[in-house]
Structures are given as structure tokens and as C-alpha cells.
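Work through these exercises with the structure open. Try each task before reading its solution.

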Amino acid sequence: MMRWLGGVALGCVVFAGAYWLAMPGKSVAQLDPIETLSGTLDESLSPTRPLPAPVNLPAARVALGEQLFKDVRLSADGQLACVSCHPLERGGADGQRVSTGINGAQGTINAPTVFNAAFNFVQFWDGRAGSLAEQAAGPIHNPVELGSSWADVIARLSADEALVRAFRNAYPDGALNAKNIADAIASYERSLITVDSPFDRFLQGDKAALSELEQEGYRRFRELGCISCHQGVLFGGNMFQKFGVMGDYFARRPLSKADLGRYNVTGRDEDRHVFKVPSLRNVALTAPYFHDGSAATLEDAIPVMGRYQLGRELSPQDIKAISAFLHTLTGKPPGGVQP
Ligand code: HEC
Ligand code: HEC
């Protein structure tokens with residue numbers, strides 16, 4: 001049984017440790033100009049907003065995208081679809097350390113959730129896709145994911161008359177082509193927003209939506225400085241940061257190519273081990289954690305963040321409270337998905 005439960009909020013941060021590689025959001029100073037923690041929860045000071053419900057999505061394209069998201073004809077062996085690795089009833093991620101692609105091929109990196117991905121400033125751990133439509137081409141061509149090509153996918157789908165008609169209805173040019181396939185999938189993904197988490201209800205004034213422990217967790221999340229990276233409406237997804245700001249996270253094991261992160265995209269030395277800061281929305285549902293899937297539980301992941309991102313050893317009470325807070329970021333999936 002999945003816990004599509006909910007959320008928290010508070011006000012205060014004193015943090016200036018990490019450095020900022022890219023920060024389209026607010027600076028730390030802007031987040032909390034003055035220390036405000038006084039035992040009351042003042043949301044006027046919170047940089048966080050509830051997730052907005054999607055509006056005005058083109059219904060025909062969303063429906064077509066949903067169909068394609070579940071269509072195994074996108075894979076070379078007809079066995080896998082997007083949904084195989086992003087099952088909606090388990091938080092939009094596959095729950096494996098790294099994904100398994102066609103013919104049982106072992107992937108190289110942990111699958112993030114598709115829920116709320118529409119709000120990410122870029123897609124993939126290393127940010128190599130600038131939009132959801134651009135992202136969709138990735139798994140189709142990836143030999144350890146769907147292992148196919150646009151030409152093959154279009155040929156297979158074009159044999160399906162009902163599908164050809166659906167494209168004709170959904171797009172002005174009526175074409176069943178790569179651009180419209182990617183657009184339909186992206187349209188569908190824009191509908192996958194998990195609104196109404198306990199945290200969001202708390203932000204909207206329902207002060208009973210969070211327990212004392214959950215509120216304490218949110219306060220510590222801000223005081224310790226987690227919020228300086230995991231910020232904005234997604235608690236993440238709006239900047240790149242190095243994994244290992246305060247220590248060498250990778251020293252304990254052999255490096256993989258995936259560990260190089262954004263360096264694989266830019267080739268710049270300063271981008272080694274730099275990743276998109278992941279969203280923490282629904283994070284309680286998407287274990288295991290980190291790009292390498294190395295943390296099995298939130299209680300494992302939180303102290304790693306304390307040590308390598310903040311240079312702090314977190315107390316058992318902080319870990320417990322922050323974990324309780326992170327559980328409140330679980331929202332409700334759009335209609336039709338049964339937890
Ligand atoms: C074999 C498993 C697999 C399949 C099939 C698959 N994905 Fe993924 N998906 C992944 C993995 C692994 C990543 C992370 C890859 C990376 O960051 O380098 C990912 C990343 C993503 C992201 C980026 C999320 C973020 O937070 O950056 C989106 C969006 C996404 N996939 C959507 C799709 C769509 C749409 C399809 C079908 C066209 C699809 N996936 C098929 C495993 C899969
Ligand atoms: C300096 C920026 C920074 C700070 C500060 C920071 N994080 Fe992170 N966080 C990241 C990055 C980058 C990743 C992705 C690391 C990876 O897997 O490569 C991450 C990953 C995570 C994940 C795993 C998410 C997933 O889906 O795999 C959790 C949970 C998390 N952070 C919680 C926290 C908590 C709690 C704190 C405060 C104790 C914190 N973070 C502080 C940058 C930061």
C-alpha cells in the first residue's frame with residue numbers, strides 16, 4: 001500500500017556553506033534575510049509553494065501521450081515501455097538500484113520519478129535534455145533502455161490505423177512523426193503532477209496537516225541548509241550541485257562513468273560529480289536513492305547528505321525528524337492512478 005500522504009512548513013535558515021555552480025533560483029541570502037525562527041510557522045518567509053494543479057493541457061495530446069507512455073512498440077524487443085521503468089503506482093520510479101532495459105540489460109544509473117518532472121529546469125541527472133520532449137528521445141535510443149530508433153518506432157506505430165487517426169486528430173499537421181510523439185509524451189508528463197500533499201495543505205493554512213515531529217523536521221531541513229539546494233516548488237530540480245561539496249563521496253569505491261555527472265555533457269573539469277539537485281517531492285516512494293542507488297532508505301540517505309553536502313554529522317533525532325518531514329512531501333497522483 002503506498003502512502004500518498006503529506007506535508008509541512010516553517011521559517012528559518014542560517015547557512016552559507018556550499019558554493020553555487022548554477023542557481024537560477026534565489027540565493028541563500030534571499031531565502032531568509034533574517035533569522036526568524038521563533039517557534040511559530042511563518043509561511044510568508046518560506047520560498048516554497050504548493051505544487052500547482054495542471055491547467056489547460058490539450059486533452060487529445062495528453063491521452064495520446066498516455067497511450068504511448070505505456071506502449072511496448074517503443075522498444076526494440078516489444079517488451080518494455082516507458083511505464084516499465086516509471087510505474088505510476090510505485091511513485092513513478094522502478095525501485096531498483098539501476099534500471100533494467102531490453103533483454104535484461106543492466107543500466108548504469110538510478111531511475112528518477114516522472115511525477116512532477118515537468119517542473120525540473122532540465123531533465124536527467126546530468127541535465128543533458130533541456131525539455132521533456134527532448135528527453136523522450138533518450139530512452140528510445142538508449143541501448144540499455146528501449147534500444148530502438150525513431151525510424152523503427154514510427155514504422156511500427158504507423159501500421160496501427162487507430163493510432164494514425166489519433167495523431168491526425170491531435171496535431172494540426174496530423175503527422176505521426178518523432179516531433180509529435182515526443183510532444184504527446186511530454187504533454188502527458190505535464191499532467192503527472194502530485195498535488196495536495198500534507199506539506200502543501202500545511203502551506204495553505206491547515207496547520208494540523210503536519211505533526212510536531214514533521215514540523216521539527218522541516219525546521220531542521222531549513223536550519224541545517226538542506227533547503228539551500230533542495231529549494232523551490234519541487235524541493236530541488238532547479239540547479240546543479242556537486243555531490244561531495246564537503247568531502248569526497250566517491251573515494252570509497254571505484255568510479256563509474258555515470259559518477260562524472262555533468263562532466264559527461266560539458267567536458268569541463270569543474271563539472272566532475274556535478275548533478276541536478278533532485279526533487280524531494282514523493283521521495284518517500286522512490287527508494288533507493290542517489291544517482292547510483294546506493295542508499296536503500298531515507299535514513300541512509302539523509303546522513304550522507306549531512307556529511308558530504310554540509311560537512312555535518314546529523315544526530316539520530318535530526319535524521320528521524322527530517323525523514324518524517326520528507327514523508328509529508330508525498331502528494332496525490334492525478335486521477336485514475338491507484339496507489
Ligand atoms: C529501462 C528503464 C527506462 C525506460 C524504459 C525509460 N526510462 Fe526514463 N529514466 C530511466 C533512467 C535510468 C533515467 C535516468 C537517466 C539519466 O539521468 O541519465 C530516466 C530518466 C527519465 C526522466 C528524467 C527525470 C529527471 O528527473 O531528470 C524522464 C522525464 C523520463 N525518464 C521519462 C521517460 C519516458 C517518457 C520514457 C519512454 C519514452 C522512459 N523514461 C523510458 C529509466 C527508464
Ligand atoms: C550542496 C547542495 C545540497 C545540499 C546542501 C543537500 N543536498 Fe541533498 N542532494 C544534492 C544533490 C546534488 C543530490 C544528488 C546526488 C547524487 O545522487 O548524485 C542530492 C540528493 C538527495 C537525496 C536523494 C534523492 C533521490 O531521489 O535520490 C535526498 C533524500 C537528499 N538529497 C536530502 C537532503 C537532505 C535531507 C539534506 C540536508 C541534510 C540535503 N539533501 C542537503 C544536493 C544537496
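**Exercise 1.** Which ligand takes up the space of the largest cavity?

*Solution.* Keep in mind that this is a predicted model. The largest cavity is the space taken by ligand 2.

**Exercise 2.** Describe the surroundings of ligand 2.

*Solution.* Step one: count the neighbours. Ligand 2 is surrounded by 22 residues. The closest are Cys 226, Cys 229, His 230, His 291 and Met 305.

Step two: sort them by class. The shell has 17 nonpolar residues, five polar ones and no charged ones.

Step three: look for helices. H10 (226-229) and H12 (298-310) each supply at least two residues of this shell. H12 gives the most, with four residues.

**Exercise 3.** Find polar atoms of the protein that lie within 3.5 Å of an N or O atom of ligand 2.

*Solution.* Start with the nitrogen side. A nitrogen atom of ligand 2 lies 2.8 Å from a polar side-chain atom of His 230. Now take oxygen. A polar backbone atom of Phe 290 is 2.8 Å from an oxygen atom of ligand 2. For a polar backbone atom of His 291, the distance to an oxygen atom of the ligand is 2.6 Å.

**Exercise 4.** Characterise the largest pocket.

*Solution.* Begin with volume: the largest pocket holds about 810 Å³ of space. Next, the lining. It has 39 residues, and Ile 109, Phe 124, Arg 128, Asn 142 and Glu 145 lie nearest the centre of the pocket. By class, 21 are nonpolar, twelve polar and six charged. H4 gives the most to this lining, with five residues. Finally, check the domains. Domain 1 (28-53 + 195-327) and domain 2 (59-190) each contribute at least three lining residues.

Conventions:
Residues numbered from 1 in each chain as written. Chains lettered and ligands numbered in written order. Predicted model: local features only at pLDDT ≥ 70, side-chain atom pairs only at ≥ 80, totals over all residues. Heavy atoms only, no water. Near = heavy atom within 4 Å. Polar contact = N/O pair within 3.5 Å; in protein donor to acceptor, adjacent residues only side chain to side chain. 1 Å grid on protein atoms, 1.4 Å probe; cavity = no way out; pocket = protein on both sides within 12 Å on 5 of 7 lines; lining within 4 Å. Sits in = over half its atoms within 2 Å of the grid points. Nonpolar A, V, L, I, M, F, W, Y, C, P; charged D, E, K, R; others polar. Points joined across faces, edges and corners; volume = space filled by probe spheres on them. Domains from an automatic or database assignment.
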